[in-house]
Amino acid sequence: MSVQILMPALSPTMTEGKLATWMVKEGDSVAAGDVIAEIETDKATMEVEAVDEGVIGKILVAAGTDAVAVNTPIAVLLEEGEDASAVDSAPAAPAPAPAAAEAPAAEPAPAAAAPVAPVAVVPASDEDKYFDEVKTQTIREALRDAMAEEMRSDDKVFVMGEEVAEYQGAYKVTQGLLQEFGDKRVIDTPITEHGFAGLAVGAAFGGLKPVVEFMTFNFAMQAIDHIINSAAKTRYMSGGQMGCHMVFRGPNGAAARVGAQHSQCYASWYAHCPGLKVVSPYSAADAKGLLKSAIRDPNPVIFLENEVLYGQSFDVPVSEDFTVPIGKAKIVREGTDVTITAFSIMVGKALQAAEKLAEQGISAEVIDLRTIRPLDTATIVASVQRTNRLVTCEEGWAACGIGAEIAAQVMDQAFDHLDAPVARVAGEDVPMPYAANLEQLALPQVENIVEAVKSVCYRG
Amino acid sequence: MFTDALLRSKGREMAQAKSAAGAGRSTPTRTRKSRAAKPPKNNAAELLPFYRDMLLIRRFEEKAGQMYGMGLIGGFCHLYIGQEAVVVGMQSAIGKGDKVLTSYRDHGHMLACGMDARGVMAELTGRIGGYSKGKGGSMHMFSREKDFYGGHGIVGAQVPIGAGLAFANKYNGTDQVSLTYLGDGALNQGQVYETFNMAALWKLPVIFIIENNKYAMGTSVTRAAAGVSLYQRGAAYGIPGAEVDGMDVVAVQEAAEKAVKHCRSGKGPYILEMKTYRYRGHSMSDPAKYRTKDEVNKMRQEHDPIDQLRATLLEIGVAEEELKGIDREIKAIVTDAADFAQSSPEPDPSELFTDILVEA
Ligand SMILES: Cc1ncc(C[n+]2csc(CCOP(=O)(O)OP(=O)(O)O)c2C)c(N)n1
Ligand SMILES: [Mg+2]
């Protein structure tokens, strides 16, 4: 049976092209792979190869013809031994090829209703009931206990990173883990962030549950390709087959006097990306409860700690059953005049600001976001509906930051409740300076929060 | 000197023997002194599956190219035509539970892993019947069932991931290995050396298979690599490497068996440099002006892996009719896959928001 050779699409964007040259003439025999014509596309001149073997029965579009649409029949190929008269009896007008008619491009798009993005459900939490019996712990100890408890209960969990084993952690967060779990499960890596992040993703694809420590998140920039392209996107790209059950954790944000390359908040970088969860706790209890949830979570979780906070002590529930769900913010101080959102180290500063504001007769509600993605907008919106004013706090830069996102969400969901524009307190738009006075100026301070609150309350 | 740590394969000797004999497609040279210890594989029962598997990839890819031309496949589409012997030979040396992953030039690897031609083709057309429900495309497919772990679009990214799969194999106390394929271009990525280091340090059971098809897009190996003995790139880490005629499926199989044995016995990683060639452009819109037609034709006519094997099969007495039967069988599979890929519906719009996260 004769087959029509159609004008091929030779690039992702080609819709038509010039049939520049025929390399064969009617009557020529061709084998699959033989070059039969040259076509000029929007990008280049390309060779067209025969896909089937046969004899060129008729050339339908002459060499030199411009603007030949993709899928137009350009020649007829006869089977070996088939008579050329088969072509003559074929309709002269180029009939659309059957396959072309089935091409999605040729079909009118069905008028399907656009799907609606699901809204993240804020999980229920029973965390409060565990505070009947507490002990005082530093954040460092709380994080260590979270890892140790999860490693005891699940032998797929392992920890890897620079200096996590023999050195006991660059910031001593993994203290004692090597002694308890051995070097099979507590692994010192070479200084090779890109490589070990990718390797851990592979281990997660293979069914393990890695906890990857970055000495600080500044160095995770070398690994960000694997965090985003390999860990976050693969479940989607595989139609749900390939989970990536793992945690990337380490200190994030400014330490003290370490300069621009070691002082940056990455919360908004990761919070930007679907496929990740992003957590950034303030208290030791939340650090422990959230890290346990992160290690149990079947998705890749970015766990942003803070070096300055590691040594601070808080009440932590004694029970090993205590966890904090990812995706739930916490009102850490109730108030009526203004809502302040913060996460990580800024929660402490927000609480101090609230104390000062109370002295001045302003009642501030402080929300610890705890999770940045999925963001608990419901708690923020409900609070703003009561207070009608909002100040967001973050250590990172304001541009495209967490405050910008919260302001947009609140404008969207509670615009009519706002009595003043949302104010953002954030790091100054500069690389972190080294000089003590400049660093102080670059970072958001308690005073900046107090001023921002007074301005949205029109006090001052 | 590298020679102590590195195993020289017979690949090079063989290539020389072949060109000296001026072997065309009808008379491939199959005599090698290195085979003296082991009788040459001339057993039809062993070779026929190779023929079938390579032909399936060839015909599948031709059909994919054709469907691309008809606008049924979008975006990038990197064909594997010419390189079939590499993946078919490698696959013959591994078993269930061994893991395979590669770059974006992945259709051949998936078919060799036993993934269904229908599901692969339907992914190319972006339909719900595709391995990733149409959400991954040509470069992103996976099958846990068939131990295929992608399909990775970032050049070199699959290399540490493959070592990580080997890490999991080892952690779980199995003797399974990970076949991690990469291109000659990918070999210049820094993360490859980070991975070589960790794989050697931790003795991970991973085989790095460099598919040296002479070009990374339009850049030839000689223009991109300082030192063209790519199999020696692991030497500083003590990783043995061998150079193999990747156009000869039997040579590939032999090298693969040796490498797999090394890995399974706990000796750590292994590098195989497959000298191979892609006949088509890098992707669909590549006019391939960086190489001559003569170069392509010479490879096709003198080194084609399928033609070579076909000649061997006829030589050892397989009937022409039997090969034709395989040709027909493959044609039917590919036609069926193409039909399926066009009749399978596009994903439901609701699929837009699924498979991003799973419930904790
Ligand atoms: C990190 C990165 N850089 C660049 C590209 C674009 N790119 C895609 S394939 C390719 C060439 C790779 O060649 P090679 O590794 O030899 O593999 P081959 O295509 O020959 O199979 C390039 C530069 C990419 N996908 N990822
Ligand atoms: Mg290449």
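This is a predicted model: local features need pLDDT of at least 70, side-chain atom pairs count only at pLDDT 80 or more; totals for chains, interfaces and linings use all residues.
1. B:Lys293 pairs up with A:Glu47 in a salt bridge, with 3.0 Å between the closest N and O atoms.

2. Residues are numbered from 1 along each chain as its sequence is written, chains are lettered from A and ligands numbered from 1 in the order in which they are written, and side-chain values use heavy atoms, with hydrogens and water left out.

3. Back to the interface. Polar contacts join 21 residue pairs across chain B and chain A, both residues at pLDDT 80 or more. (A polar contact is a pair of N or O atoms within 3.5 Å; within protein, one must be able to donate a hydrogen and the other to accept it, and residues adjacent in sequence count only if both atoms are side-chain atoms.)

4. How many residues does the contact take from each chain? Chain B puts in 61 residues and chain A 75 residues, with contact meaning heavy atoms within 4.5 Å. About 5,400 Å² is buried between the two chains, 63% of it on carbon and sulfur atoms; this is the accessible area (1.4 Å probe) that two parts lose on being put together, summed over both.

5. Now the metal. The magnesium ion (ligand 2) is held at 2.1 Å by B:Asp184 (OD), B:Asn213 (OD1) and B:Tyr215 (O). Donors here are N, O and S atoms within 2.8 Å of the metal (3.2 Å for Na, K and Ca); water is not among the atoms, so sites may look incomplete. Along the chain, the donors of this magnesium ion are spaced D-x28-N-x1-Y. Both B:Asn213 and B:Tyr215 are buried, that is, under 20% relative accessible area (1.4 Å probe, protein chains only).

6. B:Ala186 is worth a look too. B:Ala186 counts as buried because its relative accessibility is 6%. Beyond its neighbours within four places in sequence, B:Ala186 touches B:Val155, B:Gly156 and B:Val192. B:Glu322 lies 136 residues away along the chain, and the two C-alpha atoms are 40 Å apart.

7. Over in chain A, is A:Asp286 buried or exposed? A:Asp286 is buried, since its relative accessible area is 1%. Setting aside neighbours within four places in sequence, A:Asp286 has contacts including A:Glu127, A:Lys330 and A:Arg370.

Conventions: Buried means under 20% relative accessible area, exposed over 50%, partly exposed in between (1.4 Å probe, protein chains only). A salt bridge is a side-chain nitrogen of Lys or Arg within 4 Å of a carboxyl oxygen of Asp or Glu.
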